[in-house]
Amino acid sequence: MDRELTADTIMAPPGRFDRLERRLITIRRELRRNPNMILGIFIVLLAASTAIFAPVIADKNPKELRVLNRLQAPSTTNYMGTDGLGRDVFSRAVHGTRLSLLVGIMVAVISMAIGTAIGVVTGYYRALDNIVMRLMDGLMAFPSFLLAIALVSIMGASITTVITAITVVETPRVVRLVRASVLTLREREYVDAARAIGALPLRIMWRHVFPNLIAPILVQGTFVFALAILVEAGLSFLGTGIPPDVPTWGNMMGEGKLFFRLAVWIMFFPGLMLSITVLGVNLVGDGLRDTLDPRLRRAR
C-alpha cells in the first residue's frame, strides 16, 4: 500500500505550489541575469512607497506659506530648503510624487487599452487599415509635445486635461506597434487552423492573437509611463499643465527658474527625483524586453 501511494505521488502532476515555485525560480534566475532590472524595480518601488506614504514621510503642509522663511537653504528643519513663498521643498517634492505617478499610470493604462483595441481590430480587418492608420499618421505628424500644449490650452489646465492630452498623443504609437504585431500573427498556422474549424473572428482575436501581444504591450507601457511623467513635468514647467498651486515636480521647477541664481535647490531636488524615477521605469522596461523577447533570451 505504501509503495503504491509513493508511486502515485511520484507520478502525480505538479500542483499549484510546485508551479508557483518554478515560476519564482525562473523569475529569480532572470533577475540575477539582469541587475539593471533589479535597480529599476527598486527605484520604482521606492517611488511608489514615497507616493503612498507621503503624509507620513513629509508631515508639513506642502501648500503652507511662510514668507518669513522664503529661500532658506537646506537644513535640518527644511531638508531641501524653502521656495520663493516659504513652502517646504521636501514636502512639496514628496507629495509631487503622487501626482506624477498618477499621471504616468493613468496615461499608460488608458493608452494601452485604447491603442490595443484599435490596433488589434485594424490589423485583423485589413479593410479598416488604410482609414485608421491614416488618422494615426495625421496625429503623429504633429510634434507630440506641441500637440499636448495645444490640447491643454483648448481644454483648460487640470489633471484630467493633462491626462487626456498625453493619452491622445501616445495612443497612435501604441496602435502602430500592436497593428504591426497583429499583421504578423494573423498569418500564423494556428490562426489559420482556428479559421478552418469555424472560430469567430472575435474569439480568434481574444484567444489566439491577444495573448501573444502581452509582452510587447507591457514593454511599451513602461516607456509610455516614463514619457507621460516627462511630458507632464514639461507642461507644468511651462505653466500650461496642472495649476501652479498643486505640488508637482514640473510646477516646482517652473517656479524655481525665477530664483535659479539665488536658490538652485528649488529646481535641483525635484529635477533629481524626476530623473531617478524615469530612469527606474526605463530600466524596468529594458529588463522586461530582454526577458520577454525570445530572440534576446536565446542570445544570452
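Which helix gives the most to the nonpolar patch? In this predicted model, local features need pLDDT of at least 70 and side-chain atom pairs count only at pLDDT 80 or more, while totals for chains, interfaces and linings use all residues. Residues are numbered from 1 along each chain as its sequence is written, and side-chain values use heavy atoms, with hydrogens and water left out.

The protein contains 14 helices and 0 strands; helices (H or I, at least four residues) and strands (E, at least two) are DSSP runs, numbered from the N terminus. Of its 300 residues, 40% count as buried, where buried means under 20% relative accessible area, exposed over 50%, and partly exposed in between (1.4 Å probe, protein chains only).

Helix 5, residues 89–124, gives the most to the nonpolar patch, with 6 residues. The patch covers about 520 Å² of surface and is made by Leu102, Ile105, Met106, Val109, Ile110, Ile114 and Ile159. Patch residues have over 30% relative accessible area and no salt bridge, and nonpolar side chains (Val, Leu, Ile, Met, Phe, Trp, Tyr) are joined within 5 Å. A salt bridge is a side-chain nitrogen of Lys or Arg within 4 Å of a carboxyl oxygen of Asp or Glu. Ile105 lies in helix 5 and is partly exposed, with a relative accessible area of 44%.

Pro62 is located in the loop between helix 4 (54–57) and helix 5. This proline is buried, at a relative accessible area of 10%. Leaving aside residues up to four places away in sequence, Pro62 touches Arg87, Ser91, Arg92, His95 and Pro247, a contact being heavy atoms within 4.5 Å. Pro62 and Asp88 are 26 residues apart in sequence, with 6.3 Å between their C-alpha atoms.

Key: Patch = residues over 30% accessible without salt bridge, like charges linked within 9 Å, V, L, I, M, F, W, Y side chains within 5 Å. Areas by Shrake-Rupley, 256 points an atom, 1.4 Å probe, with all protein chains shown as cover.
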